[in-house]
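Subject: Structure handover

Hello,

Here is the structure for you to look over. My notes on it follow below.

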Amino acid sequence: MKHAPPKWADRFLAWYCRHDLLEEIQGDVYELYDRTAKQNKRKADFTFVWNVLRFFRWKNIHKKKSSYNNSLISSGMVKNIFKVAIRNFLSQPGHSFLSVFGLTVSFVAAFLIMLWVMHETSFDRYHDDSQRIFKVMSHVESNGSFETYDAASFGIDVSGIPEITKQAPVITGDRWPNVLCFRGDPKNDCIYITGIYSKPALFEMLNFTILRGEKNPIDREFTVAISEDMANRLFNSIDVIGKTLKIDLWYEATITAVFKDVPTNSSLQFDFVMPVGVFQKLRGFSDESLANSFFSALIKTGSDVNAEVLTAKLNTAPALTESLKRDKVSYQAFPFTDWRLKSKFENGKSVGGKIQYVTLFIIIAILVLAMAVINFVNLSTARATNRAKEIGIRKTTGALRSGIVFQFLSESLVIVFFAFVLAVIATQLLLPYFNSMIGETLSVQLFSGVIPVYLLAFLILVALAAGLYPALVMSSFQPARALKGELSTRASGVKYLRKVLLVVQLSVSIGIVIFSGVIFNQLDFIIHKDLGYDRENMVRLEPTYKLLKQYDAFKTELLKNHAIASVTATNGNPLSLQGHTTGVSWQGKSEDTRVTFQTLGGNYDLVETFGFKLLDGRVFDPKKDTLGNEVMITKEAARVMSMTNPIGEKITIGSSQCVIIGVLDDFHTESLRNEKLPVVIYRQSVLQCSAIYVKYQSESTQQAMEIVRATYKKMEPDFTLNYWFQDETFDNMYKTETTASYMVVIFTIISLVIAVIGVVGLATYNVIRKQKEIGIKRVFGATVTNILSMLTKEFVIIILVASVVAIPFVWYSADRWLSGFAYRINMPWMIYITTFAGTLLLIALIVGLQGFKAANSNPVKTLRSE
Amino acid sequence: MKGTYLGELEELVLLTVGILYPEAYGVGVMDEIEKQTGRSLNISAVHAVLTRLEEKGFLKSKMSEPTDERGGRRKRIFLLTAAGKRALEEANEMRTQLFNQIPRIALQFRLA
């Protein structure tokens, strides 16, 4: 043959065509092909393909199986299988309920976790080319270790790095001037709204949809872009372009754009954006001091660039200036999309962060699913004896093994699908509660994009995992024996496997229970840990400049009331001190020592208000403090500076000379994940303070707040009082941990439920199987206790083995988790014992209840059957 | 008997098989129909009709000796069965009978 038809079409023909027809059909199309190919090869090719396609008819398609095998999976067969499946399902409602319920519960758990994980991993990925956006991190070396900050110098010069096409600082914060009081109508009370300051490039770099107004809204002074929500709250409309907003009392900004509310899966959350210039004016920064300040910074590259390459370039001039180099600062380009999950740094290296919880919950989801599948396998094989006769009959009437396997697999697929549908509904119903518990706004997006494909794969996988083993076991029954009811010899292997599976399942449950117990103890420890100062009955007020000017009068006014215990003003919150300095020097400090101190500036009554413990010396005193250079230090600071008698010693902070007047006991200034740092408390004039703290008598919160509110209104009528309770602020610091612990509790309960289902199922089955044995034993005089102990013995051994398997695993992983905290509990071994004892008791109870009925029933009744 | 009804295309194919005796096979039938009537059929359609006729018992088939053509593949040669012959005769007879019943006037009108 000179010409050959398209190979693929030929192969396709050979693949689908019935073998007895292939020769003539192929012959004919070849003949036609040859005929045309002599004139026109392309036309011949085309006709060939066309003919092959036209031959693709039902009649010509060959059926895979031989005709005998074919009849096995006929529609009649399928009908019968379904009928039997439904009858079986209904004939043992309790059993079926357990199977479906176990699967449903685990599916719900898996779905909720999946939704949460999808939400967490979707953070900041909705921006165009999100892999090209980086945050600039600064590592500062001090004392041989690195402190990491989510910031870069405002004046960072990236012009020497051609890859970087866009760059913008993002000034965030949780107080003035990021939180400002706005009013849409001068008559209304003002509303506090949080926003950011940045440069126009921000809107080019990140996708924030502009609904109204300019595409590049903050390109000139005193402009503001606001969110849809903010527009609605202030003006009840989003058509507000051109309106002006008052910024504090002195400035006004024109609204140039309204953008769509920032999505919940954005790590940057804000309701307004203003140019940095406004920030500069509000804070009164000079150009120079602004350029030297550090703010969170974003950069975007024009092409895909490796983070390491970019980091290297950021650490060369002009990006990293000589003076920064001298201060031992180095930059790092950190992928913006990793920020949400991997923002924890230790000694200059990213050490994960929330990703640990994501992984933890993925593992929990897999374990919970595995447990449910194991349950299903256990419950199905336990029922094998009931189904043995059916299988025997099927086989004698000519069923092949493959047919039986198919039957059981499709049965499990039906049950899995049923559970799946229930789970989807349940997830939908439970989601609002789940959301309010974890403080997120997840929505069910199970049926968008490629997810249905995964779900289908997941369904089939679960159905296979759950159905394959029972199918293989049951299909292996020999009909003659099965019909006679002799299964014990064959089933012993099954029984053994069932026990192994139960061991696996119980060890997972025990493991999860213990681990969550440890997590709970640690969180409890943190929340109740003595921080070195009080956080109860204290409220932090946001002062305005006007209020600070009247601070003394405000304080006197407040203290006239018995409900108010004391008042002070500071420039930082001891719960999370922002001020860090390496610029402290003292006598005898060697040249290359670099120690990071935390600083807190405050006014009189600071020690009394916060409840710090004074160890030596005195506190700030208006009568004695004449120079305004007095400082107090903590014990740790004294140790670092190796001073045995620090009172009266002189130290230099930056360029100012200070004298130590008091030593305080150490206190925590950050999350308990980190060590206590040395602290210097200096006296700061009230006008430079950022917060007023009011301590009130316990049990008088409401009264105290009324007084505070009224006094504030009198002194600062233009603004609404903005305040935070200290203990709530503290709780918020551990939000991730608290959320995680709630979730852990829920999934602990779920895993327990599934384990209980497994045990109940097996115990019921055991009792039924041993009914005659129990009857005979009773006849021969066994007591109820004898019988119960016989029934429980098996389970006790299983629990023992499960504990032995689980405990080392949990010990290791719990210890690793705890080691992430600088202040941690010792391994709470009591939890191990109580969990073990609790499980034992629970299972004894379940088995006991099941057995009690059997043990108490009249033996004559059980023995009389047959 | 159900299925003995002969469709128009079936009749055509059946006739062609008769014409080509004893060398009627797929492509041959297709070509002959095109030559005689000008109707061009797809080969798969011809096959479908041939198999249907065989199922109805109007045709029988056997495989030919392999030839050099068609890459050495054999042809399926179709032959008329007695039933096939009778079906053709019946169809022909019925047609003539019906034709003869048409009033002359109608035919004249048509021809005019």
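**A helix inside chain A**

Helix α9 (residues 276–283) of chain A is largely enclosed by the rest of the structure, because 6 of its 8 residues are buried. Buried means under 20% relative accessible area, exposed means over 50%, and partly exposed is in between (1.4 Å probe, protein chains only). Helices (H or I, at least four residues) and strands (E, at least two) are DSSP runs, numbered from the N terminus. The buried residues of α9(A) are A:V276, A:G277, A:V278, A:F279, A:Q280 and A:L282. Just after α9(A) comes A:G284, with a positive phi of about 70°.

**Ground rules**

This is a predicted model: local features need pLDDT of at least 70, side-chain atom pairs count only at pLDDT 80 or more, and totals for chains, interfaces and linings use all residues. Residues are numbered from 1 along each chain as its sequence is written, chains are lettered from A and ligands numbered from 1 in the order in which they are written, and side-chain values use heavy atoms, with hydrogens and water left out.

**Cysteines**

How many disulfides does the structure hold over all chains? The count is 1. A disulfide is a pair of cysteine sulfur atoms within 2.5 Å. Here A:C181 is joined to A:C190, S to S 2.0 Å. The link of A:C181 and A:C190 is right-handed, with 90° about the S-S bond. Both ends are buried: A:C181 has a relative accessible area of 7%, and A:C190 has 6%.

Now for two other cysteines. A:C17 is buried, at 0% relative accessible area. A:C658 is also buried, at 7% relative accessibility. The closest cysteine sulfur to that of A:C658 is in A:C689, 15 Å away, so it is too far for a bond.

**Where the chains meet**

In this model, 19 residues of chain B are in contact with 19 residues of chain A. Contact means heavy atoms within 4.5 Å. About 1800 Å² is buried between chain B and chain A, and carbon and sulfur atoms give 49% of that area. Buried area is the accessible area (1.4 Å probe) that two parts lose on being put together, summed over both. Which three residues supply more than any other three of the area that chain B buries against chain A? They are B:H47, B:R70 and B:R73, with 32%.

One helix from each chain takes part in a packed pair. Helix α2 (residues 19–37) of chain A packs with helix α2 (residues 26–37) of chain B at an angle of about 55°, and their axes are 8 Å apart. Axes are lines fitted to C-alpha atoms, for helices over the stretch in contact, and angles run from 0 to 180 degrees between N-to-C directions. α2(A) and α2(B) are therefore oblique to each other. Angles under 35 degrees count as roughly parallel, over 145 as roughly antiparallel, 65 to 115 as roughly perpendicular and the rest as oblique.

From α2(A), the contact uses A:D28, A:E31, A:L32 and A:R35; from α2(B), it uses B:G26, B:V27, B:M30 and B:D31. By class, the contact of α2(A) with α2(B) has 3 nonpolar, 1 polar and 4 charged residues. Ala, Val, Leu, Ile, Met, Phe, Trp, Tyr, Cys and Pro count as nonpolar, Asp, Glu, Lys and Arg as charged, and the others, Gly among them, as polar.

**A helix pair within chain A**

Helix α5 (residues 75–91) of chain A packs with helix α6 (residues 93–121) of chain A at about 105°, with axes 5 Å apart. α5(A) and α6(A) are therefore roughly perpendicular to each other. A:N88, A:F89, A:L90 and A:S91 of α5(A) make the contact with A:P93, A:S96 and A:V100 of α6(A). That contact of α5(A) with α6(A) divides into 4 nonpolar, 3 polar and no charged residues.

**Single residues to look up**

- A:K555 is in helix α20 (residues 551–559) of chain A. A:K555 counts as buried, at 12% relative accessibility. Leaving aside neighbours within four places in sequence, A:K555 is in contact with A:V567, A:Y604 and A:D605.
- B:P22 lies in the loop between α1 (8–20) and α2 of chain B. The peptide bond from B:Y21 to B:P22 is cis, with omega near 0°.
- A:N236 has a positive phi of about 60° although it is not a glycine. A:N236 is exposed, at 69% relative accessible area.

Best wishes
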